[in-house]
Amino acid sequence: MTSTTSMPLPSELAIPLHVAYIKALGENKDDLTYHLTAHLRLNAIYWGLTALVIMGHGDALDRDETIDFVMSCWDDEAGAFGAHPDHDAHLHSTLSAIQILVMHDALDRIDIPRVTKFILSLHQPSGVFAGDSFGEIDTRFLYCAVQALSLLGQLHLLDGEPKERTVNYIVRCRNFDGGFGNVVGAESHAAQVFVCVAALAIIDRLDVVDVETLGWWLCERQLPNGGLNGRPEKLEDVCYSFWVLSAMAILDKIPWIDAEKLTAFILSAQDLEAGGIADRPGDQADVFHTQFGVAGLSLLGYPGLADLDPVYCMPAGVIEKRGLRKQWRALERMV
C-alpha cells in the first residue's frame with residue numbers, strides 16, 4: 001500500500017527554510033504543542049542540533065543556552081538526565097544529553113562516574129537494559145546504554161560476561177528473516193534492526209548478524225514510490241530513510257536500494273512554506289522527521305551535507321575525533 005501526491009516534486013533540499021524551522025521550534029512557549037512534547041524536549045534538541053550540523057549550520061542554536069538547558073535536565077537523585085527539568089531520569093534522554101554535550105565539546109560538564117553507574121544499574125540479568133527504574137525493557141534502551149558508555153569512554157566496563165550477556169540477548173531477538181525485534185519473540189522492525197546492528201557494531205560483534213538475509217529484508221522495505229517502510233505491508237515514512245539506510249551502511253548494502261527514488265521521496269516530504277520535513281508528502285513537518293530525513297540524505301550522498309555516522313547517528317567528524325569510528329560505508333558524496 002503506497003501513497004501518492006499530485007504536487008510537483010522539489011528537486012533540492014531547502015536548507016535555509018529547515019534551519020529557520022528548527023531555530024523557531026522553542027521560541028513559542030505559549031503554544032500547546034510545546035508543552036505536550038515536554039517529554040521529548042531533550043531528544044528534540046539532539047534531533048535539531050544533529051540536523052543543523054549535518055546541514056552546515058551547527059551554530060544556529062546558541063551553544064551556551066543549549067548546554068544550560070541540558071544541565072537543567074539533570075536528575076541529581078538518579079545521577080542522570082530527564083527529558084525536561086523536573087522529569088525523572090531516563091536512559092533515552094541521558095543519551096541525548098551526552099550526544100548534545102559531545103557535539104558541543106562540553107562533556108566535562110557531566111559527572112561521568114555517576115552517569116555510568118546509572119546506566120550499568122539498568123543492565124538486566126537477561127542482557128537487555130531497562131529504560132529507567134520502572135523497568136521497561138527494549139533493545140532501543142540496550143543501544144542507548146551501549147552508545148552512551150562508548151561516548152563516555154566507559155565501554156570497557158561491559159567487557160567479559162556483561163558483554164556476552166548483551167550480545168546473547170540481541171541474538172535471541174533475531175528472527176528468521178534476519179531482522180530484530182524490540183524484545184525476544186517480537187517481529188522484525190527496521191528501527192529495532194538499526195539499534196541491534198549499531199549496538200553490535202559498537203561492541204565489535206557483527207559476526208552474529210546474518211548479513212545477506214538481513215540485507216535482503218532491508219532492501220525490500222523500499223516501496224514503488226521510493227520511500228521505505230519499517231516492516232511489511234506498512235506505509236512509507238521518511239524516518240525509515242535513516243533506520244533502514246543506517247543498518248545497510250553498517251552492512252555495506254546501501255547500493256541494494258534505489259537511491260535516486262528514495263532521495264526524491266525525502267525531498268517531496270519537505271514543507272516549502274514553513275520549513276521542516278514530514279513523514280510523507282502533505283503531512284505536518286516535525287523535528288524528528290526533519291532530522292532523519294536529513295540523515296538519510298547524508299547517507300545517500302546528497303550534495304552539500306556533512307557526513308553522518310550511521311552507527312552513532314551523529315556527525316561523522318565528531319565520532320572520528322573521539323576515535324570511535326566503526327566500519328561503515330555510505331554512498332559517495334555528490335557534487
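This is a short tour of one protein chain, stop by stop.

**Before you start**

The model is predicted: local features need pLDDT of at least 70, side-chain atom pairs count only at pLDDT 80 or more, and totals for chains, interfaces and linings use all residues. Residues are numbered from 1 along each chain as its sequence is written, and side-chain values use heavy atoms, with hydrogens and water left out.

**Stop 1: the whole chain**

Show the chain as a cartoon. Look for 14 helices and four strands. Helices (H or I, at least four residues) and strands (E, at least two) are DSSP runs, numbered from the N terminus. The radius of gyration is 19 Å, close to the 20 Å that the globule rule gives for 335 residues, so the chain is as compact as a globular protein of that length. That radius is taken over C-alpha atoms, and the rule is 2.2 Å times the number of residues to the power 0.38. Switch to the C-alpha trace: along its principal axes it spans about 55 × 50 × 35 Å.

Now think about cover. Of the 335 residues, 58% are buried. Buried means under 20% relative accessible area, exposed over 50%, and partly exposed in between (1.4 Å probe, protein chains only).

Next, contacts, meaning heavy atoms within 4.5 Å. Among contacts with a separation of 6 or more, 68% join residues 24 or more positions apart.

**Stop 2: helix α11**

Select residues 240-250, which form α11.

**Stop 3**

Most residues other than glycine have a negative phi. Step past α11 to aspartate 252, whose phi is positive, near 60 degrees. Aspartate 252 sits in the loop between α11 and α12 (259-268). Its relative accessible area is 36%, so aspartate 252 is partly exposed.

Jump to aspartate 86. Here phi is also positive, about 75 degrees, and the residue is not a glycine. Find aspartate 86 in the loop between β2 (80-81) and α5 (91-103). Aspartate 86 is exposed, at 81% relative accessible area.

**Stop 3: aromatic pairs**

Show the side chains of Phe, Tyr and Trp. How many aromatic pairs does the structure hold? There are ten. Rings (for Trp, the six-membered ring) pair if their centres lie within 6.5 Å; planes under 30 degrees apart count as stacked, over 60 as edge-to-face and the rest as tilted.

Select tryptophan 47 and phenylalanine 288. Their ring centres are 5.1 Å apart and their planes at 80 degrees, so this pair is edge-to-face. The pair links distant parts of the chain: tryptophan 47 is in helix α3 (residues 41-54) and phenylalanine 288 in helix α13, 241 residues apart. Tryptophan 47 is buried, at 9% relative accessible area. Phenylalanine 288 is partly exposed, at 23%.

Move on to tryptophan 74 and phenylalanine 81. Their ring centres are 5.1 Å apart, with planes at 75 degrees, so this pair is edge-to-face. Tryptophan 74 is partly exposed, at 22% relative accessible area, whereas phenylalanine 81 is buried, at 0%.

**Last stop: the ring cluster**

Select Trp47, Tyr143, Phe194, Phe242, Trp243, Phe288 and Phe292 together. Ring pairs link these residues into a cluster.
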